[in-house]
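Here are my notes on the model you asked me to look over. Keep the structure open beside you and check each point as you go.

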Amino acid sequence: MTTQQIVDPGNIEPELIRLWDKLAKEKVRACLFNLIVFNKLSLRTNYIRDIVQKVSEKYPCRVLFISSDPASAHPYLKTAVSVVGNGTIACDYIDIGVSGPEIERIPFLLLSHIIPDLPVSLLWTEDPSQPHPLFEPLSKLATRMIFDSESADSLLAFSKTILRLREERGIDTADLNWARTEGWRDLIASLFRSGKEVKQIKAVRLTYNSRTTESFCHLKVQSMYLLAWLSSRLQ
């Protein structure tokens, strides 16, 4: 990532053009889709940023990263721009910090910076079952929504919210916790392909790491997803 340049919200696009003019001989500007990220400032924020950077390096996209600070005593709206990329391929990264009533300006700010005719993915890193003023306007902009059940205190409430969203809007959804089980699913699936008599299994017990960290505290969710998937495979 290039060094972030703090800019006035009205100067985001001119500053990006200036950055790309400087990098014209080094990098190629690319964008497959728009990625909007909403995150409340917390100990998990850096973890979310790391995920977004890895995604943007592998799949170039315009990132609009919103960080909300509900604990701030003073309302603010701050914006910064940078360029992210791995090697010669790179893309735009627009950072938006907000607190207090300024949060109402976010949907209008985003509209002017979403690249038209490209899909819009929304990574909502908070609990979707809890009301938030930005959830409805941002979800209406999205063609795909990505959630993280790690943020939800109730997996049941989380699941009901996602199912209702899919039924009412027909929108494509995903959960980061499901993606985190991919390695285990691939490993177990290889047993099925090997021809072993796995269908003779009558009981399964999963042992998982229950030590919490700054980024993870609902550690049983991934094991529940894996067990449900394995049960479905074994019918």
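Predicted model: local features only at pLDDT ≥ 70, side-chain atom pairs only at ≥ 80, totals over all residues.

1. Start with β4 and strand β6 (residues 89-99): they pair in the parallel sense, over six bridges.

2. Look for isoleucine 36, which stands opposite leucine 64 in β4. To get from β3 to β4, the chain goes through helix α2 (residues 45-58), and this β-α-β crossover is right-handed.

3. How many residues of strand β4 (residues 62-68) are buried? Seven of its seven residues are. Both faces are covered: on one side you'll find Arg62, Leu64, Ile66 and Ser68, and on the other Val63, Phe65 and Ser67.

4. Why does serine 68 count as buried? Because its relative accessibility is 5%, and the cut-off for buried is under 20%. Leaving out residues up to four places away in sequence, serine 68 touches Phe38, Asn39, Lys40, Leu41, Val98 and Ile103.

5. Now for the nonpolar cores. The largest one has 38 residues, and the members that touch the most others in it are Ile36, Ile66, Ile106 and Leu138. Helix α1 (residues 12-23) gives this core its largest share, five residues. Another core, of 14 residues, lies apart from it, with Leu35, Phe65, Leu123 and Leu176 among its members.

6. Which residues is isoleucine 66 in contact with, leaving aside neighbours within four places in sequence? They are Ile36, Val37, Phe38, Asn39, Ile96, Val98, Ile106, Leu110 and Leu138.

7. Last, the cysteines. Searching the whole structure turns up zero disulfides. For cysteine 31, the nearest cysteine sulfur belongs to cysteine 61 and is 6.5 Å away, while a disulfide needs the sulfur atoms within 2.5 Å. Cysteine 31 has a relative accessible area of 26%, so it counts as partly exposed. Cysteine 217 is partly exposed too, with a relative accessible area of 46%.

Note on methods:
Residues numbered from 1 in each chain as written. Heavy atoms only, no water. Buried < 20%, exposed > 50% of the residue type's maximum accessible area, 1.4 Å probe, protein only. Core = buried A, V, L, I, M, F, W, Y, C linked by side-chain atoms within 4.5 Å. Helix = DSSP H or I, 4+ residues; strand = E, 2+ residues; numbered from the N terminus. Contact = heavy atoms within 4.5 Å. Pairing = 2+ DSSP bridges. Right-handed = clockwise from strand over helix to strand, strands pointing away.
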